[in-house]
Amino acid sequence: MEKGVPEVQERQTTFPDGIARTTWTHKFPIYGPGRECTGVGTVIIDVTDQRNLEDQLVQAQKMEAVGQLTGGVAHDFNNLLTIVLANLELLSERIAEDDQLNKLATTAIHAARRGGELTQRLLALSRQQPLQPQAVDLTELATGMIDLLRRTLGPEYFIEVAGSEGLWPCLADPAQIENALLNLAINARDAMADGGAMTIETSNLQLSEKETAHLVEVEPGDYAVLSVTDTGSGMTPEVVERVFEPFFTTKKTGKGSGLGLSMIYGFVQQSGGHMEIDSEVGRGTTVRICLPKAPADALVHHTGGPRLPDETASKEGSILVVEDDRIVRAAMKDLIDSMGYRVRVVADGPEALAMLADDERIDLLFVDVMLGDRMTGVELAELARKSRPGIKLLFTSGYTEQELMTRGGYKVAIGDLLHKPFQKRELADKLNAIFEVGENET
């Protein structure tokens with residue numbers, strides 16, 4: 001063997017079937033009877049699956065790092081947005097007759113809402129967004145969106161839905177599936193600059209343990225698949241490898257944030273599914289979203305939109321707010337007071353317990369899950385239930401349920417959870433539902 005040439009080399013090798021694979025080539029000398037070198041032997045080992053697993057592991061570690069960063073940022077940002085939204089909504093009500101000032105307040109409320117949506121995008125990247133999984137018929141969902149998609153893409157794009165007979169319902173959040181489909185449609189439009197065709201297909205997929213053995217974070221089982229195929233420009237293999245990375249985009253500056261596919265990826269992974277992409281330059285792209293099959297006893301849900309609460313009607317009930325952030329505490333007091341409830345506020349658990357012992361008229365405890373060091377919101381609620389078994393509970397937090405479990409093992413199983421930032425309508429809806437249930441039980 002030549003001096004200086006490594007015995008093991010990694011390279012791309014084309015096998016007899018015409019497919020290029022990553023291999024380790026190991027060369028070694030062959031000695032004759034007299035210990036003289038008579039030749040060189042070569043062993044080629046296919047390490048393609050190993051390299052693919054390593055790449056997938058790196059991607060998973062990237063997403064985990066993003067999750068650790070965004071969880072804390074989202075909590076603090078959500079607290080700030082709660083203060084902003086509460087005060088803006090109260091201000092808007094007081095200046096309702098002044099069109100110019102009301103317009104300024106409405107614009108600011110819209111901007112604060114978009115800030116909340118940005119937080120949800122960050123949580124989607126890290127698989128921590130709040131989800132409401134239901135049994136969903138993907139063909140029905142896609143068909144119901146066809147008019148919206150046609151308006152979004154424009155007349156120069158042909159869109160069709162090809163539903164599979166006997167399609168299994170999937171278990172996922174229908175609102176997030178709709179967002180994912182809309183994002184994929186916009187990506188398809190951008191890839192077809194001069195018009196083209198987009199096909200939405202649904203199908204069933206069964207994966208065995210053997211088929212998932214070489215895949216990271218893909219479990220064997222039954223899946224319902226939503227596929228979006230376009231006739232656009234396609235992507236190179238190098239681009240396909242990076243499309244799920246946060247903030248990666250091939251679009252010009254200002255034309256894309258690079259969060260679209262990574263958000264969908266996070267939602268799908270959080271739902272127990274996975275994604276696949278096939279693309280070829282000049283031939284278009286197919287993106288497949290594989291979501292777990294819903295249990296046999298699950299009913300396919302059809303939502304008719306949220307019920308709008310009566311925010312101005314006089315309310316009966318006394319609420320104790322427990323919040324360690326002084327400004328958030330004041331904003332919550334003003335917001336609840338404007339709804340007509342009797343409201344009192346304290347900063348921590350011991351103060352709340354003292355207030356509960358002193359005032360028997362308190363009907364509901366509205367508490368932040370993660371208070372200061374003295375007592376958590378969950379611990380407070382458990383103690384309150386022991387002394388006042390009939391007291392109603394409503395939790396709030398800038399963290400998601402998953403993040404709460406990760407950070408402190410807090411499992412909110414004894415009351416409702418309202419995520420920050422929330423608007424007056426959302427809080428009113430929660431309070432109405434809780435007090436209505438209480439009235440029905442008596």
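Glu280 is partly exposed, with 44% relative accessible area; here buried means under 20% relative accessible area, exposed over 50% and partly exposed in between, computed with a 1.4 Å probe on protein chains only. The model is predicted, so local features need pLDDT of at least 70 and side-chain atom pairs count only at pLDDT 80 or more, whereas totals for chains, interfaces and linings use all residues. Residues are numbered from 1 along each chain as its sequence is written, and side-chain values use heavy atoms, without hydrogens and water.

The side chain of Glu280 meets that of Arg283 in a salt bridge, at 3.4 Å from N to O. The term denotes a side-chain nitrogen of Lys or Arg within 4 Å of a carboxyl oxygen of Asp or Glu. Arg283 is exposed, at 64% relative accessible area. By this rule the structure holds 10 salt bridges.

Another of these pairs is Asp278 with Arg288, whose closest N and O atoms are 2.3 Å apart. Because Asp278 belongs to strand E9 (residues 274-280) and Arg288 to strand E10 (residues 284-292), the pair ties together parts that are 10 residues apart in sequence. Helices (H or I, at least four residues) and strands (E, at least two) are DSSP runs numbered from the N terminus. Asp278 is partly exposed, at 42% relative accessibility.

A further salt bridge joins Arg344 and Asp359, with 2.9 Å between the closest N and O atoms. Arg344 lies in strand E12 (residues 342-346) and Asp359 in the loop between helix H10 (349-358) and strand E13 (364-368), 15 residues apart. Arg344 is partly exposed at 29% relative accessibility, while Asp359 is buried at 4%. Through shared partners, salt bridges join Arg342, Arg344, Asp359 and Arg361 into one network.
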